[in-house]
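Biologist: I am new to this structure, so please take one part of it and walk me through that part closely and carefully.

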Number of protein chains: 2
Amino acid sequence: MEQRQELRNAGLKITLPRLKILEILEGNQQRHKSAEDIYKELLNANEDIGLATVYRVLTQFESAGLVTRHNFEGGHSVFEIDDGKHHDHMVCVDSGEVVEFVSDEIERLQAEVAAQHGYELLDHSLVLYVKKIAGANSD
Amino acid sequence: MEQRQELRNAGLKITLPRLKILEILEGNQQRHKSAEDIYKELLNANEDIGLATVYRVLTQFESAGLVTRHNFEGGHSVFEIDDGKHHDHMVCVDSGEVVEFVSDEIERLQAEVAAQHGYELLDHSLVLYVKKIAGANSD
DNA sequence: ATGCCTGCAAAGCTTTTGCAGATGC
DNA sequence: GCATCTGCAAAAGCTTTGCAGGCAT
């Protein structure tokens, strides 16, 4: 029940919808969820929370730095708990599976490239679209 | 007037809307345009072409490999002529300016990272969000 | 009690689709 | 002449907003 404190720190009142949504986001199943995904999980849990509220809460969480919003291909956004550890994503085009990874070298090169063009790197978005190699172990 | 041939190669009938849209995409002003941008340019040029047609044509062009669609942050797509030369993008958060760049090293590292996880790299999307360094020359 | 929060429904935005008429070949 | 293409308008999909009531503090 540490979530109450997270909400408090974010300057948000502790309400049932926010607790439930935070709980779902912290669940260890799928880390990357769309608003719709969350809405469905709430329905399954018999929580009477509107889709509009899900969106509002997610936006508030984003402003508060609790979650990160990603715009993968396909029009809709997905959200993920922001634990402070930066990483990029790899999406399997067959299964839709999302794998997180970090490459310090890529990070460094990005800053370097930006600098070469006279820019300071503020942020970046890197998504690899991949496909499982037959017969390979996935890690 | 080489555009007719490009359309033909793509298996598309030569029509006024397609010619005009291709022409705009090949214009040397802004390389990255949204459907709306193109629609506005058509209106300015007094061409009587509907927005729906712009979308349809862009989708056809994309299938034909004539253009590439990017989903930068912000909900709407931008299109760019596909000249076969792969590159990534750097977007200035202040001016909205878009700079293209290629880093062979980053490309190589991406494939490497994917392989380490048992995946084959099919495609990727890399966007750097940057800010001009005061007093630096921009190249 | 007060002010922030929620649910519902309606609107907003980008993109897609249906249909009848127009156009290219 | 026939199939493909276009314009218009309406619909679709995701997300946001307005409003009246509800809940946390």
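**The surroundings of DNA strand D**

Modeller: DNA strand D is surrounded by 17 residues, the closest being A:Tyr55, A:Ser77, B:Arg18, B:Asp48 and B:Thr53, where a residue is near a molecule or strand if one of its heavy atoms lies within 4 Å of it. The model is a predicted one, in which local features need pLDDT of at least 70 and side-chain atom pairs count only at pLDDT 80 or more, while totals for chains, interfaces and linings use all residues. Residues are numbered from 1 along each chain as its sequence is written, chains are lettered from A and ligands numbered from 1 in the order in which they are written, and side-chain values use heavy atoms, with hydrogens and water left out.

Of the atoms of DNA strand D within 4 Å of the protein, 75% belong to sugar or phosphate, and the rest belong to bases. To a phosphate oxygen of DNA strand D, a polar side-chain atom of B:Arg18 comes at 2.5 Å, a polar contact being a pair of N or O atoms within 3.5 Å. The bases are reached as well: a polar side-chain atom of B:Arg56 lies 2.8 Å from a base nitrogen, and an N or O atom in the side chain of A:Arg56 is 3.2 Å from a base oxygen. The elements giving two or more residues to this surface are α4 (51-63) of chain A and, from chain B, α2 (16-26) and α4 (51-64); helices are DSSP runs (H or I, at least four residues), numbered from the N terminus. With four residues, α4(A) gives the most.

Note on methods
A polar contact is a pair of N or O atoms within 3.5 Å; within protein, one must be able to donate a hydrogen and the other to accept it, and residues adjacent in sequence count only if both atoms are side-chain atoms.
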